Amino acid sequence: MKKSIYIVLGGLLTLGFVGCEPEFDTPVTDEGFYSSGDADLSNYVAVGNSLTAGFADGALYITGQENSYPNIMAQQFALAGGSETFTQPLMADNLGGLLLNGTQVGQNRFVLAADPMTGEPLGPVILEGTPTTEVTTSATGPFNNMGVPGAKSFHLVAPGYGNPGGILSGAANPFYARFATSGTSTVLGDAASLSPSFFSLWIGNNDILSYATAGGAGVDQTGNLDPSTYGFNDITDPNVFAAVYSEQVAALNASASGGVLVNIPDVTSIPFFTTVPSQSIPLDAATAAAVNAQFALYNTQVLPGLVGVGVISAEEAAARQINFSAGVNFPIMVDDDLTDISMILQGPPFNLPASIAGLLGQLRQATNDDLVVLTASSELGSLADPNDPNSVVGVAVPLGDEFVLTTVEQERVATATAAYNGTIRALAAANGLGFVDARAALAQVADGGVSYDGGLLTSEFVTGGAFSLDGVHPTPRGYAYTANLIIDKINQTYNATIPNVNIGNYGTITLANNVSN
Amino acid sequence: MKKLLLFSVVALATAVTYAGGYRVSLQGNKSLAMGHTGVAIVNSSESVFFNPAGLVYLENKLSITGGAFGVFSDVAYQNAATGASAMTDSPVGTPFYLYGSYQATDWLAFGIGVYSPFGSTVEYEDDWAGSHLVNNIDLAAIFVQPTVSIKLSEYFSIGGGPIYVNGSVNFNRNLNRTLTDLDGNRSEVTVDATGVTKWGWTAGAMFRPTESLTIGAHYRSEIILDAEDGDADFENIPNSPLTPFADTTFNASLPLPAEMTVGLSYEFCDKWLFAFDFNRAFWDVYESLDIDFADENIPDSFNPRNYKNASTYRFGLQYDATKMFTLRAGYYFDESPVTEGFFSPETPRNDSNGYTAGLTVNISDHLQIDASFLYLHFNEVDASYDGYTENGQSVPFRGTYKSSAFAPGLGVTYKM
């Protein structure tokens, strides 16, 4: 009798184990709940630059890579029949620095430090620690994420861009060297060899961005069709861009069921250019008067004299007037688009010493239309010569050309960006690919913000949530926002129903006081 | 008896129960088999819990009954907007009970009970979509209740006694939706308190106007467990003055709500017994789970719950099939105390229907084996918890939940 009770009870217990799992009528994990529509997501390959790699806080590190927009998208793709695996060339650590034969060639990531006493944020500082990612130690691929930080459009088709021997000369890229299939391979060739069933391409940002972040201290190469002659900070010729971009689209689309092309945002959407105000030099009345006295001769004699002899226009003379007043002033700065008058000033009738003439050579005061870059924040108001209290940068010593993106330079950037974006849109249309207007989306983040369930995503530096501590690259939340944009476009283009992610679940900046001083 | 004791000890060692407004109605195999009715039933020392007034009507001088349940319960979560999904991997709960009653005189009986009417063990996968609300929780409360039962007349009795509660809680959640250390490990806190004790009381009355009709009423008091100086353990906290989290102690209060029951039982056709119980649980005391950290730098945690009073309607049927077997079946409708917008994944409970069955095997005049079985059915429910805030703004945690619970039980009754 007892035995049979135990048997019955044992049976009930077993029933309990199998019968207890609660099940939804229509589980989201069921095949068919989400659809990839006409797109085949079984082998998604992402091609691009630092944005595609998941670069953030001035470095590439594991958790940043895990929050790259392609990786976020791939996880959502998996819900809609996409592959469960999306491989990335993960770094060795979360410090982010890079070693080349044991020597550090890339800096560690930025973190937000705070004053230990007051708890007040101190701003971005470099995380301490010795990086462990060695460029010459190859990462074993193949990798679905072919984002290469620093790559410009033409780099993707440049043989040898992954050859470690070319890194120090600038001919090769340390990030690509980690996972290039050979010393002569191209990023595009490696990506196409994966026969992607679906791809995303977001390239061209650096073709203008390195010029812009360098305050325009480069050359606009529009008209020069040979990118091998370009310097790192130069603007790529739009025809060069169009040629390599169409080659990339053709190569990636050859095997693919579809793909998306992402355009280039405006630099004015990026906190690197919008955080430091151009009007930033506080002076009292006495100091302002003293400084003005220094420039009196320049304003009243030199400039009109140069106009008189036809060296500069009256308009340029007006732009070069230096005038400080009590309150917050625009700094003096070097503008390499001004006429260089340093040689003239050393001759008669001015006969100025070389040092003064050099100072005045391409000098003007910044205006509201200039974009002062983030890295100028530590320059402005500092002493150019620590022992000379009269060497304040922005007052007595001009802010360097590389810290200011002038209106002329902004115009060059905008013109090239518009040309690239025209190419991207046209190629998307011609090939029936999804066109993602990241430019418009980021402009919205910068102008008013985008609301999400925990607040507002803006491009405000440190606090806005969209941009990491380098002021250029997104945070995980910013990348999640990007992933949603692209997913929306895929859904629209390919009749798919891939779900968005909740960007509120993605972090922003990292707090740490583990910093080297 | 020794075996039984051993069983109880094992039961004590494991965690209690299924996901639900943390009241676990599994206080007797005979009762559970009849839809967990019992306020107006006199057939075993399970009355220590269900209605102490009934003890004095028991026929035996000494009656001891004990048992336990295996609770297999899980919760599935999904959000169709994001594709997020989760399934709890909760351990098997083992609520138990042990009751004894002794008939001192014709009009006076004494009883004692040890049982576990509250508890909750829910374990989600760490860092799941709702991890800022809960990763896992283990709540247990053991009640010890000495009881006296007095027959005031042939028709009317009263009973009751003090309740000594020993409770514990262990609760882990992530600090918010995004904070991590440098390696991306989510910042989390575990609060742990054990040996939290408190006194309460219980009282009941029973009216037997005829041979076949019994009417009962019973009240168990509210008991608020005040955890003092529990351990709060913070993990994966960034090294920054901006995140002032460090291990500390905490105070928190968790109410075990009062419960009022009225009901009746009716014997008919000689071998049949019908029972009906109505429970009213006064859950409105559970307004908020507030965790007060001793370290002043750490912001206290306020988690609104806004529970409402909830009713349960229970129906049971018993049939004395043979001298050997007594068969039982029951049904109950259990109303959830959770209010709209406060459906927390820590106690993800919506209304449920309980289906029960069981039997007693009379091995001898002295010994019975009681077995029972509960299947608790929950409908799929779309719900949200709106009590979580970021930057002063409510951030609802939405989704669809589906719970299931399944509890086989086994007990022994010894009479002489």
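Biologist: At what angle do helix α7 and helix α14 of chain A pack, and how far apart are their axes?

Modeller: First, a caution: this is a predicted model, in which local features need pLDDT of at least 70 and side-chain atom pairs count only at pLDDT 80 or more, while totals for chains, interfaces and linings use all residues. Residues are numbered from 1 along each chain as its sequence is written, chains are lettered from A and ligands numbered from 1 in the order in which they are written, and side-chain values use heavy atoms, leaving out hydrogens and water. Helices (H or I, at least four residues) and strands (E, at least two) are DSSP runs, numbered from the N terminus. Axes are lines fitted to C-alpha atoms, for helices over the stretch in contact, and angles run from 0 to 180 degrees between N-to-C directions. Here α7 (residues 205-213) and α14 (residues 407-431) of chain A pack at about 170°, with axes 10 Å apart. That makes α7(A) roughly antiparallel to α14(A) (under 35 degrees counts as roughly parallel, over 145 as roughly antiparallel, 65 to 115 as roughly perpendicular and the rest as oblique).

Biologist: Which residues of α7(A) and α14(A) make the contact?

Modeller: Contact means heavy atoms within 4.5 Å. On α7(A) the residues are D207(A), I208(A), Y211(A) and A212(A), and on α14(A) they are E409(A), R412(A), V413(A), A416(A), T417(A) and Y420(A).

Biologist: How many salt bridges are there over all chains?

Modeller: A salt bridge is a side-chain nitrogen of Lys or Arg within 4 Å of a carboxyl oxygen of Asp or Glu, and the count over all chains comes to 14. One of them links R23(B) with E259(B), whose closest N and O atoms are 3.0 Å apart. R23(B) lies in the loop between α1 (2-13) and α2 (29-33) of chain B and E259(B) in strand β12 of chain B, so the pair ties together parts that are 236 residues apart in sequence.

Biologist: Which residues does the cis peptide bond with omega of about 0° join?

Modeller: That bond joins G141(A) and P142(A), and P142(A) is in the loop between β5 (121-126) and β6 (145-147) of chain A. The peptide bond from P348(A) to P349(A) is also cis, with omega near 5°, and P349(A) sits in the loop between α12 (342-346) and α13 (354-360) of chain A.
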